[in-house]
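Subject: Structure handover

Hi,

Here is the structure I said I would pass on.

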Amino acid sequence: METSTFVYDGDCAFCSRCAEFIERRIPTGVRVLPWQFADLAALGLTEAECEEAVQWVGADGSRAAGPDAIARLLGDSAPLWRVAGAGLRFPPVRAAAWPAYRWVARNRHRLPGGTAACSLPQEARERLYGPTGRPTAGS
């Protein structure tokens, strides 16, 4: 793989807003894309992994999830952001990052930019909103 890839949940408004922030404010050569439009098999990822946490697949084949993936993304960007990524890898910070990440993931539908659909598993979202994210007939 030529470029590292950061994969997020494109059906979640909160996650999409975060990805837009990354693309606008964090200078990086990393591909940032929703897992729903990614070739998961080529990346070596599963839907279950992508529903659970953001994912990092490095150009070298390395992988990380959740706050570790965010640290990798930051580590592959401009100097100031690299410092933030190094801080996120610092053992005490990393130990606190996972519980914080899981709390955010569980509550993302309540956070700014989040919607009720953010709290649903992918299968339920597609059943209610269809693959396009719009309500299906009869919903």
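Going along the sequence, the protein runs β-α-β-α-α-β-β-α-α-α-α. That gives seven helices and four strands. Before you read on, bear in mind that this is a predicted model. Of the 139 residues in the protein, 37% are buried. Among the contacts with a separation of 6 or more, 56% are between residues 24 or more positions apart.

The sheet

The four strands make an open sheet in the order β2-β1-β3-β4, and the pairing is mixed. The edges belong to β2 (31-34) and β4 (63-65); each has a single partner strand, so one side of each has no neighbour in the sheet. On average, neighbouring strands are turned by 20° against each other, ignoring direction.

As for the pairings, β1 and β2 go together in the parallel sense over four bridges, and T5 has R31 as its bridge partner in β2. Strand β3 (residues 55-57), on the other hand, pairs with β4 in the antiparallel sense over three bridges. Here Q55 has A65 of β4 as its bridge partner.

Which way do the side chains of β1 point? T5 and V7 go one way, F6 and Y8 go the other, and all are buried.

Helix α4 lies across β1 (5-8), β2, β3 and β4, and runs at about 120° to β4. Seven of its 10 residues are buried, so α4 is largely enclosed by the rest of the structure. The buried ones are G66, P67, D68, A69, A71, L73 and L74.

Buried in α1 are F14, C15, S16, A19 and I22. The buried residues of α1 pack against β1, β2, α4 and α6.

Helix α6

Helix α6 covers residues 91-107, so to speak a stretch of 17 residues, and reaches 25 Å from its first C-alpha to its last, close to the expected 24 Å at 1.5 Å a residue. There is a bend in α6 of about 25° at A97, with a proline, P99, following within four residues. A97 is also one of the buried residues of this helix, along with Y101 and N107. What do the buried residues of α6 pack against? They pack against α3 (47-52), α4 (66-75) and α5 (79-89).

W98 and A65 are 33 residues apart along the chain, with their C-alpha atoms separated by 9.9 Å.

Aromatic pairs

How many aromatic pairs does a search of the whole structure find? The search finds two. One is F21 with W81, an edge-to-face pair at 6.3 Å centre to centre and 80° between the planes. F21 sits in helix α1 (residues 13-25) and W81 in helix α5, so this pair ties together parts that are 60 residues apart in sequence. F21 counts as partly exposed because its relative accessibility is 35%. W81 is partly exposed as well, at 27% relative accessibility.

The other pair is W98 with Y101: the ring centres are 5.9 Å apart and the planes are at 70°, so this one is edge-to-face. Both residues lie in helix α6, three residues apart, or about one turn of the helix. The spacing makes sense, because an α-helix has 3.6 residues a turn, so residues three or four places apart point the same way. Y101 has a relative accessibility of 17%, under the 20% cut-off, and therefore counts as buried.

That is what I have for now. Over to you.

Cheers

How values were computed: Residues are numbered from 1 along each chain as its sequence is written. Side-chain values use heavy atoms; hydrogens and water are left out. Helices (H or I, at least four residues) and strands (E, at least two) are DSSP runs, numbered from the N terminus. The expected span of a helix is 1.5 Å times one less than its number of residues. The bend at a residue is the angle between axes fitted to the seven residues ending there and the seven starting there. Buried means under 20% relative accessible area, exposed over 50%, partly exposed in between (1.4 Å probe, protein chains only). Contact means heavy atoms within 4.5 Å. Rings of Phe, Tyr and Trp (its six-membered ring) pair if their centres lie within 6.5 Å; planes under 30 degrees apart count as stacked, over 60 as edge-to-face and the rest as tilted. Two strands pair if DSSP finds at least two bridges between them. Axes are lines fitted to C-alpha atoms, for helices over the stretch in contact, and angles run from 0 to 180 degrees between N-to-C directions.
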